[in-house]
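Please look over the sequence and the structure shown here before reading on.

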Amino acid sequence: LRVHDHAAVHAALQRSPERPWQGVYILEPSVWAHPDASARQLGFVLECLADLREQVHACGGRLWVLRGEACEALERLHAHAPFDALLAHEETGNGLTYQRDLAVASWCRSRHIAFEEWPQNGVVRRLGNRDGWHLSWDAFMQRPRWPSPPEGPWSAHPRRPLPTLEALMPNGVDAPRRQRGGRQRAQQVLEDFLLDRCGGYRGGISSPLSAPSACSRLSPHLAQGCISLREVVQATQHRLGDLAIAAMAAPPPEQACIARQQAGLKAFLSRLHWHCHFIQKLESEPEIEWRNVHRGYDGLREGEFSAERFEALQAGRTGWPLVDA
């Protein structure tokens, strides 16, 4: 949910430089009714869309926010504003969104609409084996970012009100202290982490007392694409270079602070690698959504369900402070 370092946006501009490009986001009832979706996530997405709409309009484009299942929504849009290409990032989601992607590809073929997708991080589709995967990840992260679309003239398309969280998920419960969405906030969180909070990252991310500030807090922004993983990796590497230069001229007390920041950022780069490593597992083995990763756990506790213990878990009364918290 951005226009910067965005392969599909860049391709759209290259494909038809004289024609207006349009962004499409579809709020799918089936996706938001799925057990792994929540009002907290949806509220975050709606904030991202409000921010994205301003980005798109500033580049002379238009953002369509549609409600409905994907193929039905695309059919309505195509009837209203015909298009000959659908360009997107690859997504590694759950089984539901995978079937949706297959349906969209079939819909495009039936209407002779080009459907093209690009990788958005270090995950490789149809990967034969993991040999050399880390080299592929490094190469992707070091490539130049896709250029942003030029600004102006400002789009004259009217801004229709975005759907509200209450209308989309009337029984959903938002969290008032959750993180807020949008690219501007993502950039602020990244800058704050790189310049200050990274000093507490190594060692601080494992405790529920220190983790809220020691963690990067970029996960939701990366998940929704407010900021690209490549952008974060390159910014982190650049900050490490600045710290190396600063350390050479700093007095001993400042050197200790710089050393903590360097250690934190190196650990953070390792976790960014892990980010794609584990998404790659789901991409390559989608069945782990439904079955144990380690098959030795199959049948281990299925016959030992305790309604009393489950109710205690739900109510936060297990007696284990971390679990109850």
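This is a predicted model: local features need pLDDT of at least 70, side-chain atom pairs count only at pLDDT 80 or more; totals for chains, interfaces and linings use all residues.

Residues are numbered from 1 along each chain as its sequence is written, and side-chain values use heavy atoms, with hydrogens and water left out.

Helix H12 covers residues 229-249 and includes His238; helices here are DSSP runs of H or I with at least four residues, numbered from the N terminus. Arg230 also lies in H12. Arg230 is buried, with a relative accessible area of 5%, whereas His238 is exposed at 54% (buried means under 20%, exposed over 50%, with a 1.4 Å probe and protein chains only).

The side chain of Arg230 makes a polar contact with that of Asp5 at 3.0 Å (a pair of N or O atoms within 3.5 Å, one able to donate a hydrogen and the other to accept it). Leaving aside residues up to four places away in sequence, Arg230 touches residues including Asp5, Phe140 and Trp146, where contact means heavy atoms within 4.5 Å.

Helix H4 (residues 70-80) packs against helix H5 (residues 95-110) at an angle of about 30°, and their axes are 9 Å apart. Axes are lines fitted to C-alpha atoms over the stretch in contact, and angles run from 0 to 180 degrees between N-to-C directions. H4 contributes Ala70, Cys71, Leu74, Glu75 and His78 to the contact, and H5 contributes Arg100, Ala103, Val104 and Trp107.

Key. Helices (H or I, at least four residues) and strands (E, at least two) are DSSP runs, numbered from the N terminus.
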